[in-house]
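I set out to read through one structure and to record what I looked up. My entries follow the order in which I turned to each part.

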Amino acid sequence: MIEREQRIEQYFKSWIDNEPSVLTAIFDPAIVYTESYGPEYRGLDTLLLWFEDWNTRGTVLDWTIKQFIHQGHMTVVEWYFKYEYDAVTDAFDGVSIVEFNPENQIVSLKEFQSKIPHSYPYT
């Protein structure tokens, strides 16, 4: 479980540092990556292309891990994400469901977002 957490931490840090070189060790070549708002990237080559393209227009300012939950070959990670994209800064909370292969490479990653600020309609 520690190795899986380290892989996820390395992945998040790669976005903050704009450093794609670690992605080939973290992800299985047949990765399927689903973003929180719908796009899906199939294969490591496509993931690397997306990473490069996104970082030409955006910057990840913060990607903080709140907690990990492990079960079998899956890890769920809750996080906070802040970014600037096309000169607009925004942030949201999120959760990723991460599936690992026997070599602890990520074979599937599905993101889900929760917009912030959160509201309390019955307070």
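The entries below concern a predicted model.

**Entry 1: the sheet.** I began with the strands and their order. I found an open sheet of 6 strands, arranged E2-E1-E6-E5-E4-E3 with mixed pairing. I then asked which strands stand at the edges. They are E2 (40-42) and E3 (58-71); each has a single partner strand, so one side of each is left without a neighbour in the sheet. From one strand to the next, the twist averages 20 degrees.

I looked next at one pairing. Strands E1 (residues 27-34) and E2 run antiparallel and are joined by 3 bridges. In this pairing, Thr34 of the model stands opposite Glu40 in E2.

**Entry 2: helices on the sheet.** I looked up which strands helix H1 touches. H1 packs on the sheet and touches E1, E3, E4 (74-85), E5 (88-100) and E6 (106-115). Its direction makes about 170 degrees with that of E3. Helix H3 (residues 44-57) also packs on the sheet, where it touches E1, E2, E3 and E4. The direction of H3 makes about 55 degrees with that of E1.

**Entry 3: aromatic pairs.** I noted a count of 23 aromatic pairs. One of them joins Trp15 and Phe51; the pair is tilted, with 4.4 Å centre to centre and 55 degrees between the planes. Trp15 lies in helix H1 and Phe51 in helix H3, so the pair ties together parts that are 36 residues apart in sequence.

Trp79 is in strand E4 and Phe92 in strand E5, 13 residues apart. Both Trp79 and Phe92 are buried.

**Entry 4: Asp93.** I turned to Asp93, which lies in strand E5. Asp93 is buried, with a relative accessible area of 12%. Its side chain and that of His118 are joined by a polar contact of 2.8 Å. Beyond its neighbours within four places in sequence, Asp93 is in contact with several residues, among them Lys66, Trp79 and Phe112.

**Entry 5: Glu3.** Lastly, I looked up Glu3 in helix H1 (residues 2-17). Glu3 is partly exposed, at 37% relative accessible area. Leaving aside neighbours within four places in sequence, Glu3 is in contact with Glu103 and Asn104. The C-alpha atoms of Glu3 and Gln105 are separated by 9.8 Å, although 102 residues apart along the chain.

Methods
Residues are numbered from 1 along each chain as its sequence is written. This is a predicted model: local features need pLDDT of at least 70, side-chain atom pairs count only at pLDDT 80 or more; totals for chains, interfaces and linings use all residues. Side-chain values use heavy atoms; hydrogens and water are left out. Helices (H or I, at least four residues) and strands (E, at least two) are DSSP runs, numbered from the N terminus. Buried means under 20% relative accessible area, exposed over 50%, partly exposed in between (1.4 Å probe, protein chains only). Contact means heavy atoms within 4.5 Å. Two strands pair if DSSP finds at least two bridges between them. Axes are lines fitted to C-alpha atoms, for helices over the stretch in contact, and angles run from 0 to 180 degrees between N-to-C directions. A polar contact is a pair of N or O atoms within 3.5 Å; within protein, one must be able to donate a hydrogen and the other to accept it, and residues adjacent in sequence count only if both atoms are side-chain atoms. Rings of Phe, Tyr and Trp (its six-membered ring) pair if their centres lie within 6.5 Å; planes under 30 degrees apart count as stacked, over 60 as edge-to-face and the rest as tilted.
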